[in-house]
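Thanks for coming, everyone. Let me put the structure up, and then I'll walk you through it.

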Amino acid sequence: MGHIPLMAILKIARMGHPVLHQVAEPVTDLVDPEIAILVGDMIDTLDDAGGIGLAAPQVHVSKRVVIFFVPEERSGDEEEDSATNLTIMINPDIEPLSDETNLDWEACLSVPGLMGAVERYSHIKYTWLNLDGKQQEREAKGFHARAVQHECDHLDGKLYPMRMSDFTQFGFVEETNRNGDLMRLGREIEPENQMVEEV
Ligand code: NI
């Protein structure tokens with residue numbers, strides 16, 4: 001029998017599963033076919049779940065692999081490389097480019113139905129290996145930077161609630177969306193931006 005590539009939608013680990021709190025192992029063998037299969041399955045799983053990012057520990061694989069994209073409407077105009085296409089990152093690494101942080105909402109496929117306000121670095125540089133083993137580098141701001149920080153936290157066993165400082169800004173998406181004051185986090189945002197993508 002020949003090798004038949006199969007799609008697979010994997011089960012997503014939810015908060016409470018220990019795999020989400022392990023520090024994931026770096027990928028050492030990029031030509032290992034298991035990595036390509038894992039990435040393919042993660043793409044199918046993310047597509048099925050309707051999120052914008054997924055880290056391997058979220059599908060019970062404790063390896064440093066992340067896939068993500070930035071939705072068109074969340075992409076900054078000033079960015080050269082806006083990451084609106086799916087990015088596959090092996091062994092990613094983040095470096096903040098300033099001390100500046102910002103507070104905004106996050107949601108996570110491993111914490112379904114909930115959202116919380118998290119402080120993140122506003123401007124970062126990040127590096128990773130692509131599937132060909134080539135070193136890649138990008139700068140990111142705003143939502144893009146936030147998504148990358150959220151995903152890379154998964155590789156270090158951290159979920160966004162572990163980054164929160166004010167639990168009055170933590171709640172069910174359905175409930176929080178009804179409450180404009182909570183959504184705004186003390187600043188004005190347009191109603192069409194009141195969406196929380198799961199990552
Ligand atoms: Ni997440």
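One definition to start. Buried means under 20% relative accessible area, exposed means over 50%, and partly exposed is in between, with a 1.4 Å probe and protein chains only. Now the ground rules. This is a predicted model: local features need pLDDT of at least 70, side-chain atom pairs count only at pLDDT 80 or more, and totals for chains, interfaces and linings use all residues. Residues are numbered from 1 along each chain as its sequence is written, and side-chain values use heavy atoms, with hydrogens and water left out.

Let me begin with Ala8. At 24% relative accessibility, Ala8 counts as partly exposed. Ala8 is found in the segment before helix 1 (33–49). Helices here are DSSP runs of H or I with at least four residues, strands are runs of E with at least two, and both are numbered from the N terminus. Which residues does Ala8 touch, leaving aside its neighbours within four places in sequence? Asp41, Asp44 and Thr45. Contact means heavy atoms within 4.5 Å. The C-alpha atoms of Ala8 and Gly40 are separated by 8.0 Å, and these residues are 32 apart along the chain.

Next, the sheets. Strands of a sheet pair through backbone hydrogen bonds, either parallel or antiparallel. Here, two strands count as paired if DSSP finds at least two bridges between them.

On angles: axes are lines fitted to C-alpha atoms, for helices over the stretch in contact, and angles run from 0 to 180 degrees between N-to-C directions.

Look at strand 6 in that sheet. Strand 6 pairs with strand 3 in the antiparallel sense over 5 bridges. There, the bridge partner of Ile94 is Tyr126 in strand 6. Strand 6 also pairs with strand 7 (residues 135–141), antiparallel, over 7 bridges. His123 has Lys141 of strand 7 as its bridge partner, and Ile124 has Ala140. The hairpin of strand 6 and strand 7 has 5 residues between the strands, and Gly133 takes a positive phi near 80° in it.

The other open sheet has 3 strands in the order 4-5-8, again with antiparallel pairing. Strand 4 and strand 8 (170–172) stand at the edges with a single partner strand each, so one side of each has no neighbour in the sheet. Direction ignored, neighbouring strands of this sheet are turned by 25° against each other on average. Strand 4 and strand 5 run antiparallel and are joined by 7 bridges. Asp104 has Val118 of strand 5 as its bridge partner.

On a 1 Å grid over the protein atoms alone, a cavity is a set of points where a 1.4 Å probe fits but cannot get out, and a pocket is an open set with protein on both sides within 12 Å along at least five of seven lines; lining residues have an atom within 4 Å of a point. Grid points are joined across faces, edges and corners, and a volume is the space filled by probe spheres set on the points.

How much space lies in the largest pocket? About 280 Å³. Its lining has 15 residues, and Ile94, Arg120, Gln149, Asp153 and Arg163 lie nearest the centre. Strand 3 (87–96), strand 5 (111–121) and helix 2 (142–155) each give two or more residues to that lining.

The whole structure has 1 cavity of 30 Å³ or more. The largest cavity has a volume of about 80 Å³. It is lined by 13 residues, with Trp105, Glu106, Phe143, Glu197 and Val199 nearest its centre. Helix 2 supplies the largest share of this lining, 4 residues.
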